Amino acid sequence: MRKFDFDAIKSRILASRIKLPDMSNPRTRILVIAAGAVALILVAAFGYGYWFAAQPTFCQNCHELQADYRSWKTSIHAEVDCGTCHYTGPFGFAKQKVALANDTVKHLTGSFSQPLNIDSALSRQIDDDGCLQCHTPKRVITPRKTLVMNHQIHMDKGINCTTCHNRVGHGDSQGYQNFISMEGCFRCHGLSKTAVAPGKCSLCHPKTFDLVPVSHKTGTWLVPDHGKTAAQSTATCAVCHQKAFCRGCHGVDVPHPDKFIKDDHSTIGKSNPRICKKCHRQQDFCNACHHKGYTGPPGGWIPTHRTVVTQTGPAYCFGCHGPTYCAKCHVASQ
């Protein structure tokens with residue numbers, strides 16, 4: 001067996017040790033103290049920088065975030081700093097710094113668009129751990145008498161808090177959709193067989209709840225209010241009505257699908273023009289597309305069409321109208 005020379009090994013270890021500076025030398029003492037002071041300042045600066053970069057006052061320094069900062073100041077979470085919600089979990093520090101670097105690049109290059117995070121993708125990434133620092137996980141609450149809400153059943157299905165509470169920290173920001181609404185619920189709930197979750201009224205509303213919205217009780221709801229509402233977003237209508245419901249009154253799919261203008265509207269317009277007139281009540285609605293040279297008000301197509309025919313000739317007319325079509329008016333009026 002090989003014998004170790006422990007004395008030799010000890011000598012090598014002692015020789016390899018880093019020699020401490022000779023503190024008896026005044027110049028050496030000054031250099032060591034100065035180096036220590038610089039290191040202490042750097043550590044303090046880094047610590048303060050890390051802390052300050054997580055404060056809401058830091059965010060408002062960028063003009064693109066000022067609206068979000070103001071909305072946070074008026075929210076129910078105004079006493080909670082940004083990092084408490086946005087940077088949680090074991091990798092919160094890393095996520096914060098990566099996000100800060102990314103936002104800094106966008107700020108310096110002007111590559112951001114406003115409103116920021118318009119689709120609430122950022123809020124959906126917030127872990128429940130941030131909410132559960134203050135809120136109990138077994139939250140059973142009824143926000144008002146007309147609504148029954150079970151948070152636990154949503155959490156059991158893996159739906160995180162901010163899927164619904166997406167604007168809880170920035171409620172007054174403009175340009176965002178707040179998912180704490182029936183339209184927000186019906187991203188998952190619905191009346192169709194393909195819906196992720198059921199959409200029965202009794203699921204969220206008690207028996208005493210009036211299922212007819214206030215807007216439907218006005219004298220102008222049928223005409224013209226409901227059409228204006230549907231034109232803005234059919235999601236509101238789909239909360240209670242399936243798509244076939246609209247066809248029951250209109251006779252066609254509304255809003256019209258993309259292929260409607262190309263494939264269907266001419267057939268329906270010729271066979272049953274009353275269907276079109278239910279919504280398109282302007283006298284010259286069709287003329288705007290179908291009559292070459294029509295420029296709209298003042299005056300309709302009938303009083304002005306003779307001028308166009310005189311200038312361009314009747315050949316264009318016969319592309320749609322038969323050779324005796326003009327005689328229906330011109331001969332009958334004589």
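**Figure 1. Contacts and elements of the whole chain.** Among contacts (heavy atoms within 4.5 Å) between residues at least 6 apart in sequence, 55% join residues at least 24 apart. The model is predicted: local features need pLDDT of at least 70 and side-chain atom pairs count only at pLDDT 80 or more, while totals for chains, interfaces and linings use all residues. Residues are numbered from 1 along each chain as its sequence is written, and side-chain values use heavy atoms, with hydrogens and water left out. The chain has 18 helices and four strands; these are DSSP runs, numbered from the N terminus, with helices being H or I of at least four residues and strands being E of at least two. Of the 334 residues in the chain, 16% are buried (buried means under 20% relative accessible area, exposed over 50%, and partly exposed in between, with a 1.4 Å probe and protein chains only).

Figure 2. The structure holds one aromatic pair. The ring centres of Tyr69 and Trp72 are 5.7 Å apart and the ring planes stand at 40 degrees, so the pair is tilted. Rings of Phe, Tyr and Trp (its six-membered ring) pair if their centres lie within 6.5 Å; planes under 30 degrees apart count as stacked, over 60 as edge-to-face and the rest as tilted.

**Figure 3. Ser75 in the loop between H4 and helix H5.** Helix H5 spans residues 82–86. Ser75 has 13% relative accessibility and therefore counts as buried. Its side chain reaches the backbone nitrogen of His77 at 3.1 Å. This is a polar contact, a pair of N or O atoms within 3.5 Å; within protein, one must be able to donate a hydrogen and the other to accept it, and residues adjacent in sequence count only if both atoms are side-chain atoms. Leaving aside neighbours within four places in sequence, Ser75 is in contact with Val168 and Gly169.

**Figure 4. Ala99 in helix H6.** Helix H6 runs over residues 92–109. Ala99 has a relative accessible area of 23%, so this residue is partly exposed. From C-alpha to C-alpha, Ala99 and His86 are 10.0 Å apart in space, and they are 13 residues apart in sequence.

**Figure 5. Asp128 in helix H8.** Helix H8 is made of residues 128–132. The side chain of Asp128 reaches the backbone nitrogen of Cys161 at 2.8 Å. Not counting residues up to four places away in sequence, Asp128 touches Met155, Ile159, Asn160 and Cys161.

**Figure 6. Lining of the second largest pocket.** A pocket is an open set of points on a 1 Å grid over the protein atoms alone, where a 1.4 Å probe fits, with protein on both sides within 12 Å along at least five of seven lines; lining residues have an atom within 4 Å of a point. The volume of the second largest pocket is about 240 Å³, a volume being the space filled by probe spheres set on the points. Its lining has 16 residues, with Thr234, Cys237, Ala238, His241 and Lys243 nearest the centre. Strand E3 (189–190), helix H12 (235–238) and helix H13 (243–250) each give two or more residues to this lining, and H12 gives the most, with three.

**Figure 7. Two cis peptide bonds, at Val223–Pro224 and at Val254–Pro255.** Omega is about 5 degrees for the bond joining Val223 and Pro224. Pro224 lies in helix H11, residues 221–232. For the bond joining Val254 and Pro255, omega is about -10 degrees. Pro255 is in the loop between H13 and helix H14 (259–271).
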